[in-house]
Amino acid sequence: MKILIVEDETSISRFVQLELEHEGYETKCVADGREALDEAVNNDYDLIVLDVMLPSLNGIEVLRRLRQVKQTPVIILTARDQIMDKVAGLDLGANDYMTKPFAIEELLARIRANVKKEMRSSQCVLTCGKLKVDVESHIVTFGSDVIDLTKKEFDLLVHLLTNRNVVISREQALDAVWGFDFYGNTNVVDVYIRYLRSKLDDVYGVQIIQTVRGSGYVIRD
Ligand code: CA
């Protein structure tokens, strides 16, 4: 796994690099926007951690140009007061975002989740207690019952199971399940969570999907 770290604050990039290498990733650090774009276009990275405020070309612009040629997963780093960067980043096809300052554990979890997402198709059966989801055959069972889910319900459940123990925000679920080109309200995620709960939790008296107030949803072990 190769990860490109684009960050001009050396203390941050060095720290992230050490942590990622400790986790077994290969890394490269770049501190300049133009250089980052060159590096990302001309090499095959499994994921890019991309800061927004960069010299020569900002991260949003790097992402915009990169997306014209490549779909490498990108996690953008934005400052707390730059909500527009987050929105622009997601609109332009960022896979995820982190607000600075961030806990390194959370960045590592999001990197794992986004790299895993790429490999999802090779992962065949996802389980949570008595719930079993066969990703390839699209068969969902609870104990011996077969659960009938629509395509979106299925995709949402798979997304939550694949990212087990990671809190998924409405925006992230929307991007992953409905796609970046979906134009509408994130309430649609709540609606589909309700559908899933009515088919699973309400029927079997369990609580598979947890709500994390103000953050989103999670399936925990
Ligand atoms: Ca910066």
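# Ring contacts, a calcium site and enclosed spaces

Lys2 lies over the face of Tyr45, at 4.9 Å from the ring centre; a charge is taken to sit over a ring if NZ of Lys or CZ of Arg is within 6 Å of the ring centre and within 35 degrees of the ring normal. The model is predicted, and local features need pLDDT of at least 70, side-chain atom pairs count only at pLDDT 80 or more, and totals for chains, interfaces and linings use all residues. Residues are numbered from 1 along each chain as its sequence is written, and side-chain values use heavy atoms, with hydrogens and water left out.

The calcium ion is coordinated by Asp8 (OD), Asp51 (OD) and Met53 (O), at 2.1 to 2.4 Å. Donors are N, O and S atoms within 2.8 Å of the metal (3.2 Å for Na, K and Ca), and because water is not among the atoms, sites may look incomplete. The spacing of the donor residues in sequence is D-x42-D-x1-M. Asp8 belongs to the loop between β1 (2-6) and α1 (10-22), and Met53 to the loop between β3 (47-51) and α3 (59-67), so the pair ties together parts that are 45 residues apart in sequence. Helices (H or I, at least four residues) and strands (E, at least two) are DSSP runs, numbered from the N terminus. Asp8 is partly exposed, with a relative accessible area of 34%, whereas Met53, at 52%, is exposed. Here buried means under 20% relative accessible area, exposed over 50%, and partly exposed in between (1.4 Å probe, protein chains only).

Helix α1 also contains Glu19, which counts as partly exposed at 24% relative accessibility. The C-alpha atoms of Glu19 and Ile104 are separated by 7.9 Å, although these residues are 85 residues apart along the chain.

The structure holds three aromatic pairs. Rings of Phe, Tyr and Trp (its six-membered ring) pair if their centres lie within 6.5 Å; planes under 30 degrees apart count as stacked, over 60 as edge-to-face and the rest as tilted. Phe142 and Tyr204 form a stacked pair, with 4.1 Å centre to centre and 20° between the planes. This pair links distant parts of the chain, since Phe142 is in strand β8 (residues 139-142) and Tyr204 in helix α9 (residues 201-204), 62 residues apart. Phe142 is buried, at 8% relative accessibility, and Tyr204 is partly exposed, at 25%.

Tyr192 and Tyr195 form an edge-to-face pair, 5.0 Å centre to centre and with 75° between the planes. Both residues lie in helix α8 (residues 187-199), three residues apart, about one turn of the helix. Tyr192 counts as buried at 19% relative accessibility, while Tyr195 counts as partly exposed at 39%. Ring pairs link Trp178, Tyr192 and Tyr195 into a cluster. Trp178 is among the buried residues of α7, together with Gln172, Ala173, Leu174, Asp175 and Val177. Gly179 follows α7 and has a positive phi, near 95°. Thr150, in the loop between β9 (145-147) and α6 (151-162), is partly exposed at 38% relative accessibility. The C-alpha atoms of Thr150 and Tyr192 are separated by 9.8 Å, the two residues being 42 residues apart along the chain.

The remaining features are spaces within the protein. On a 1 Å grid over the protein atoms alone, a cavity is a set of points where a 1.4 Å probe fits but cannot get out, and a pocket is an open set with protein on both sides within 12 Å along at least five of seven lines; lining residues have an atom within 4 Å of a point. Grid points are joined across faces, edges and corners, and a volume is the space filled by probe spheres set on the points. A search of the whole structure finds two cavities of 30 Å³ or more. The second largest cavity has a volume of about 40 Å³, and its lining has 10 nonpolar, no polar and no charged residues. In this classification Ala, Val, Leu, Ile, Met, Phe, Trp, Tyr, Cys and Pro count as nonpolar, Asp, Glu, Lys and Arg as charged, and the others, Gly among them, as polar. β1, α2 (33-42), β3 and α3 each supply at least two residues of this lining, and α3 gives the most, with three residues.

The largest pocket holds about 460 Å³ of space. Its lining comprises 21 residues, of which Tyr97, Met98, Thr99, Glu106 and Arg110 lie nearest the centre.
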